[in-house]
Amino acid sequence: MRKNSIKNTRINGEVQKELSNIIRELKDPRIGIMTTVTAVEVAPDLKTCKAYISVLGDEQAKTDTMAGLKSAAGFIRRELARTVNLRNTPEIRFIIDESIEYGMKMSKMIDDLNTTE
């Protein structure tokens, strides 16, 4: 299976949707309320998965959320295996995604430039 095949794209979407549901239901107080799964990349062999996580808040909230997700990775993987029917359940690596905050920062800078003129 190629990386950008239709099947891989469908698997990425399904895993992203289920990861979002699982993370939302976690009871770990370290995981922030405004935690979002922005993208998922499942390897073509279904062994590994990169989950890009966006956390709204300060740096402490981000580090706490990532620590909570890493400690719950086994539970999350087991729940993912239960909900998504795949040959192999991928090992999940959580990666912090700064793109939303970067976009908000750039938008604010553009707005500031427009109001000063």
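Two strands count as paired if DSSP finds at least two bridges between them. By that rule, this predicted model holds an open sheet of three strands, in the order 1-2-3, with mixed pairing. Strand 1 (35-42) and strand 3 (91-96) are the edge strands, and each pairs on one side only. From one strand to the next, the twist averages 25 degrees.

Take strand 1 and strand 2 (residues 48-55). They run antiparallel, joined by seven bridges. Within this pair, Thr36 stands opposite Ser54 of strand 2.

Now move to strand 3, where Ile95 is found. Ile95 has 24% relative accessibility, so it counts as partly exposed; the cut-off for buried is under 20%. Leaving aside neighbours within four places in sequence, Ile95 is in contact with Lys50, Ala51, Tyr52, Ile53 and Met66. Ser54 lies 41 residues from Ile95 along the chain, and their C-alpha atoms are separated by 8.7 Å.

Helix 1 comes next. Its 20 residues (6-25) should span 28 Å at 1.5 Å a residue, and the end C-alpha atoms are 29 Å apart, which agrees. Buried in helix 1 are Asn8, Ile11, Asn12, Val15, Glu18, Leu19, Ile22 and Ile23. These residues cover an arc of only 145 degrees around the axis, so they sit on the same side of helix 1. On the other side, Ile6, Thr9, Arg10, Arg24 and Glu25 are exposed.

What do the buried residues of helix 1 pack against? Their partners are strand 1, strand 2 and strand 3, together with helix 2 (59-71) and helix 3 (73-83).

How values were computed
Residues numbered from 1 in each chain as written. Predicted model: local features only at pLDDT ≥ 70, side-chain atom pairs only at ≥ 80, totals over all residues. Heavy atoms only, no water. Helix = DSSP H or I, 4+ residues; strand = E, 2+ residues; numbered from the N terminus. Axes fitted to C-alpha atoms, helices over the stretch in contact; angles between N-to-C directions. Buried < 20%, exposed > 50% of the residue type's maximum accessible area, 1.4 Å probe, protein only. Contact = heavy atoms within 4.5 Å. Expected span 1.5 Å × (residues − 1). Arc of directions from axis to C-beta.
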